[in-house]
Amino acid sequence: LKMARLSIKDLEFFAYHGGHQLERKTGGTFKVDILIDYDMEMAADSDNINEAVDYVSVMEIAKQEMAKRCDLIETVAKNTAVALGVKFPFVKSIEVIVYKMKVPLSHSLSYVSANYVIDKYMDN
């Protein structure tokens, strides 16, 4: 089995996730990383997008999930990973990382993130 990784980095969205009233009202910038491991051999040999994980579809799923307001970025990460797993059931693992770029706190930080991983190898 030959595994390879499709990586999408720093996909940016404006969304209204957050547990604080201000976040729900004003929204904020979020970034998303998506890492998908699967056997790319057939896609690479055939050069056929129907054999691959179409990254445009991946980004559209992320966009749809980011548009659904949630209190927790953990929920957004999980919902995105699950939706990707439904669309691409042949993948071996999916990791979705959601970054909240501005946190309404008095602390100085770059971001807060939540990772959600679906790893089919763990099921065996």
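The model is predicted: local features need pLDDT of at least 70, side-chain atom pairs count only at pLDDT 80 or more, and totals for chains, interfaces and linings use all residues. Residues are numbered from 1 along each chain as its sequence is written, and side-chain values use heavy atoms, with hydrogens and water left out. Helices (H or I, at least four residues) and strands (E, at least two) are DSSP runs, numbered from the N terminus.

**Helix α4 and its surroundings**

- Helix α4 covers residues 73-87, which is 15 residues, and spans 21 Å from its first C-alpha to its last, close to the 21 Å expected at 1.5 Å a residue; the expected span is 1.5 Å times one less than the number of residues.
- Its buried residues are Ile73, Val76, Ala77, Thr80, Ala81, Leu84 and Gly85, where buried means under 20% relative accessible area, exposed over 50%, and partly exposed in between (1.4 Å probe, protein chains only).
- Seen down the axis of α4, these buried residues fall within an arc of 165°, so they line one face of the helix; the arc is that of the directions from the helix axis to the C-beta atoms.
- The buried residues of α4 pack against β2 (28-38), α3 (55-66), β3 (93-100) and β4 (112-119), with contact meaning heavy atoms within 4.5 Å.
- Glu65 is placed in helix α3 and counts as buried at 9% relative accessibility.
- Leaving aside residues up to four places away in sequence, Glu65 touches His17, Val76, Asn79, Thr80 and Ala83.

**The nonpolar core**

- The largest nonpolar core has 29 residues, and those with the most contacts inside it are Ile34, Ile36, Val58 and Val96; such a core is a set of buried Ala, Val, Leu, Ile, Met, Phe, Trp, Tyr and Cys residues joined through side-chain atoms within 4.5 Å.
- Two or more residues of this core come from each of β1 (4-15), β2, α3, α4 and β3.
- Not counting residues up to four places away in sequence, Ile34 touches Leu6, Ser7, Ile8, Val58, Ala62, Leu84, Glu95 and Val96.

- Strands β2 and β3 pair in the antiparallel sense over eight bridges; two strands pair if DSSP finds at least two bridges between them.
- Strands β3 and β4 also run antiparallel, joined by eight bridges.
- Lys100 of β3 is the bridge partner of Phe30 and stands opposite Val112 in β4.

**Aromatic pairs**

- The whole structure holds four aromatic pairs; rings of Phe, Tyr and Trp (its six-membered ring) pair if their centres lie within 6.5 Å, and planes under 30 degrees apart count as stacked, over 60 as edge-to-face and the rest as tilted.
- Tyr38 and Phe90 form an edge-to-face pair, 5.9 Å centre to centre with 70° between the planes.
- Tyr38 lies in strand β2 and Phe90 in the loop between α4 and β3, so the pair ties together parts that are 52 residues apart in sequence.
- Tyr38 counts as buried at 4% relative accessibility, whereas Phe90 counts as partly exposed at 39%.
- The ring centres of Tyr99 and Tyr111 are 4.7 Å apart and their planes stand at 90°, so this pair is edge-to-face.
- Tyr38, Phe88 and Phe90 form one aromatic cluster.
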